[in-house]
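Visitor: Hi! Could you walk me through this one?
Guide: Happy to, here it is.
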Amino acid sequence: MRYPKNWIKYDWETDGMPAVFELDMDLYDIAPSPTHDTLFYVVCEPASITASMQSRGYRAKCEAAMRRCLAIGSQKLAGVISTSEFLQFYTYGTDLHALADIEDAARSVRGIVTRAGAQREPKWQTYMRLLYPDAAKFQTVRNAEQIELMRKCKDLLYPSRKLNLHVYLKTEPLRLLFEEQARLSGFAVGKPEFDDRSPRPYGVCLHIISSLNKREVDAVTTRVVRLAQQYEGALVGWDCALMKRTKLM
């Protein structure tokens with residue numbers, strides 16, 4: 001299936017379950033749309049308990065359901081949430097009465113079980129609050145990119161090492177308050193940093209031991225982002241030592 005040009009994925013959770021969120025970032029520029037004020041959602045599940053949720057065939061069937069639903073009226077594909085148990089996609093359309101046709105279109109795909117629903121949503125709450133990534137969610141996208149770069153540099157990824165997390169705040173008093181809370185939250189506080197070109201010039205480097213397992217790094221950065229937001233700060237990035245396999249003599 002051909003997705004929109006600015007389609008991104010990030011790892012998160014839904015109802016305590018690991019999930020992959022996908023969405024069209026470009027819809028943010030038109031959200032909410034006065035014409036497309038109705039949310040439609042379709043849940044897809046395997047037709048049998050022996051079918052694999054992770055198989056390419058399952059995803060292809062879900063995408064077939066998406067294509068058929070998007071062909072009904074003037075639908076805009078907003079996003080997808082997939083877990084180990086289901087895939088659910090969301091569209092915005094113009095007419096609540098299109099639900100019956102969307103249900104029929106989704107059910108016409110063999111090999112999956114589907115159920116659909118719709119609701120009026122003129123403010124696009126699902127797209128803005130559930131799908132669109134906030135700072136912590138978007139950081140998981142950057143984490144994936146940085147971990148992949150480390151992998152290409154032959155890093156082993158699994159050994160634990162010191163992560164250096166660079167956080168910047170608007171004022172020095174806010175930085176000092178943040179540092180104390182970071183200590184209480186289990187981070188080691190390193191040297192202060194300063195960037196006079198930034199609207200948040202007062203920085204500090206936090207340290208914590210972690211592997212480069214994606215979920216572990218995401219958990220660390222989410223903690224830091226949420227903590228920094230309490231003091232009007234932001235995580236601007238992280239780095240760590242490269243750990244390659246050593247050759248035996």
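Guide: First, a term: on a 1 Å grid over the protein atoms alone, a pocket is an open set of points where a 1.4 Å probe fits, with protein on both sides within 12 Å along at least five of seven lines, and lining residues have an atom within 4 Å of a point. A volume is the space filled by probe spheres set on the points, which are joined across faces, edges and corners. This is a predicted model, where local features need pLDDT of at least 70 and side-chain atom pairs pLDDT 80 or more, while totals for chains, interfaces and linings use all residues. Residues are numbered from 1 along each chain, and side-chain values use heavy atoms, without hydrogens and water.

Visitor: How much space lies in the largest pocket?
Guide: About 260 Å³.

Visitor: And which element gives the most to its lining?
Guide: Helix H6 (214–229), with four residues. Strands E1 (7–14) and E2 (17–24) each supply at least two. Helices (H or I, at least four residues) and strands (E, at least two) are DSSP runs, numbered from the N terminus. The lining includes Trp12, Pro18 and Arg215.

Visitor: Switching topic: is strand E3 mostly covered or open?
Guide: Mostly covered: seven of the nine residues in E3 (38–46) are buried, meaning under 20% relative accessible area with a 1.4 Å probe, protein chains only.

Visitor: Which strands does E3 pair with?
Guide: E5 (87–93), antiparallel over seven bridges, and E6 (112–120), also antiparallel, with nine bridges. Pairing takes at least two DSSP bridges between two strands. Cys44 stands opposite Leu87 in E5, and Val42 has Ala116 in E6 as its bridge partner.

How values were computed. Buried means under 20% relative accessible area, exposed over 50%, partly exposed in between (1.4 Å probe, protein chains only).
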